[in-house]
Amino acid sequence: MTKYHSKPLNSKGFIDWSNEEDRIWHDLIARQETVIEQRACQAYLDGLAMLQLSKDQAPQLPDINRILQRETGWQVEPVPALINFDRFFALLADKKFPVATFLRSREEFDYLQEPDFFHEIFGHCAMLTHPDFASFTQVYGKLGANASPKQRAYLARLYWFTVEFGLVQESDGVKIYGGGILSSPAETVYSLDNQTAIREKFDIQQVLRTPYRIDIMQPIYYVLDDLRELYHLSQENLVQQVESAMQAGLLAPLFQPKEETHA
């Protein structure tokens with residue numbers, strides 16, 4: 001359950017952001033820009049430059065859609081704060097990226113467990129201008145739409161360690177392309193600079209079998225040799241890869257289990 005509710009669109013497809021929401025957007029983007037400059041991959045930085053996101057006002061979806069449509073044929077789709085997996089996969093398969101139209105509150109400025117407008121727009125949309133990333137994301141949606149619940153659980157790990165928390169090797173070092181990292185100042189620094197974080201070469205079987213938790217800094221990240229690897233991955237028989245991973249079973253988690261609380 002969520003305490004947040006997506007804001008409706010007006011007749012022009014715009015969101016009526018409040019002055020406080022505009023200030024929250026400004027503060028979020030100003031803070032994050034200071035940490036991504038030397039850490040984000042070039043494709044992300046190029047995409048961010050294309051989007052020309054305003055710092056002073058939360059952006060509008062039609063403005064973002066014009067750029068995405070031009071570059072890769074994608075668009076963003078406004079959704080409620082939470083949607084089910086069927087709709088999530090169907091949207092991706094149709095080259096529509098779901099965006100919940102709410103911004104976090106001041107009280108949860110530093111960390112929000114659920115994806116808000118800043119996470120989706122600042123974290124993800126720049127990469128959707130990149131053809132290889134966009135192609136991979138659409139293929140992922142098609143796979144998920146036809147997958148069984150157990151297959152979806154394994155596919156979720158693929159999404160987690162690529163679209164959300166992926167790293168890529170560039171000529172001047174390892175950089176970030178995952179939106180879950182790029183919308184978090186703490187994890188942007190941690191993922192590349194922390195000595196205890198594990199950074200391993202991307203291996204599809206290991207990725208599909210690696211457990212994760214959503215509420216901690218990731219203990220392990222997987223590094224692509226190049227973003228073109230995502231396109232090549234989208235051309236593989238990923239259903240067969242998932243079946244192989246299911247037969248092998250999960251790897252041992254690299255984190256402590258979340259403590260359960262009982263009322």
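**Exercise 1. Two crossing helices**

Work out how helix α7 (residues 149-164) and helix α12 (residues 238-248) are arranged relative to each other.

*Solution.* Step one: the two helices pack at an angle of about 100°, and their axes are 10 Å apart. Axes here are lines fitted to C-alpha atoms, for helices over the stretch in contact, and angles run from 0 to 180 degrees between N-to-C directions. Helices and strands themselves are DSSP runs numbered from the N terminus (helices: H or I, at least four residues; strands: E, at least two).

Step two: α7 is therefore roughly perpendicular to α12. The cut-offs are under 35 degrees for roughly parallel, over 145 for roughly antiparallel, 65 to 115 for roughly perpendicular, and oblique for the rest.

Step three: look at who meets whom. From α7 come K150, Q151, Y154, L155 and L158, and from α12 come L238, V239, V242, E243, A245 and M246. Contact means heavy atoms within 4.5 Å. By class, this contact has 8 nonpolar, 1 polar and 2 charged residues. Ala, Val, Leu, Ile, Met, Phe, Trp, Tyr, Cys and Pro count as nonpolar, Asp, Glu, Lys and Arg as charged, and the others, Gly among them, as polar.

A word on the source: this is a predicted model, in which local features need pLDDT of at least 70 and side-chain atom pairs count only at pLDDT 80 or more, while totals for chains, interfaces and linings use all residues. Residues are numbered from 1 along each chain as its sequence is written, and side-chain values use heavy atoms, with hydrogens and water left out.

**Exercise 2. A second pair**

Now describe how α1 and helix α9 (residues 185-193) lie relative to each other.

*Solution.* Their axes come within 9 Å and cross at roughly 10°. So α1 is roughly parallel to α9. In this contact, R31, Q32, V35 and I36 of α1 meet P185, T188 and V189 of α9. The residues divide into 4 nonpolar, 2 polar and 1 charged.

Let's zoom in on Q32, which sits in helix α1 (residues 19-36). Its relative accessible area is 1%, so Q32 is buried. The scale runs as follows: buried is under 20% relative accessible area, exposed is over 50%, and partly exposed is in between (1.4 Å probe, protein chains only). Leaving aside residues up to four places away in sequence, Q32 touches F118, F122, I181, L182, S183, S184, P185 and T188.

**Exercise 3. The sides of a helix**

Check the length of helix α3 (residues 61-72), then find which of its residues are buried.

*Solution.* Start with the length: at 1.5 Å a residue, the 12 residues should span 16 Å, and the end C-alpha atoms are 16 Å apart, which agrees. The expected span is 1.5 Å times one less than the number of residues.

Next, the buried residues of α3 are L61, I64, N65, I67, L68 and T72. They cover an arc of only 165° around the axis, so they are on the same side of α3. The arc is that of the directions from the helix axis to the C-beta atoms.

The buried residues pack against α2 (42-51), β1 (75-79), α5 (117-125) and α6 (131-145). On the face turned away from the buried side are the exposed residues R66 and R70.

**Exercise 4. Positive phi**

Find where Q52 lies and whether Q52 is buried or exposed.

*Solution.* Q52 is in the loop between α2 and α3. Its phi is positive, about 50°, although Q52 is not a glycine. At 67% relative accessibility, Q52 counts as exposed.
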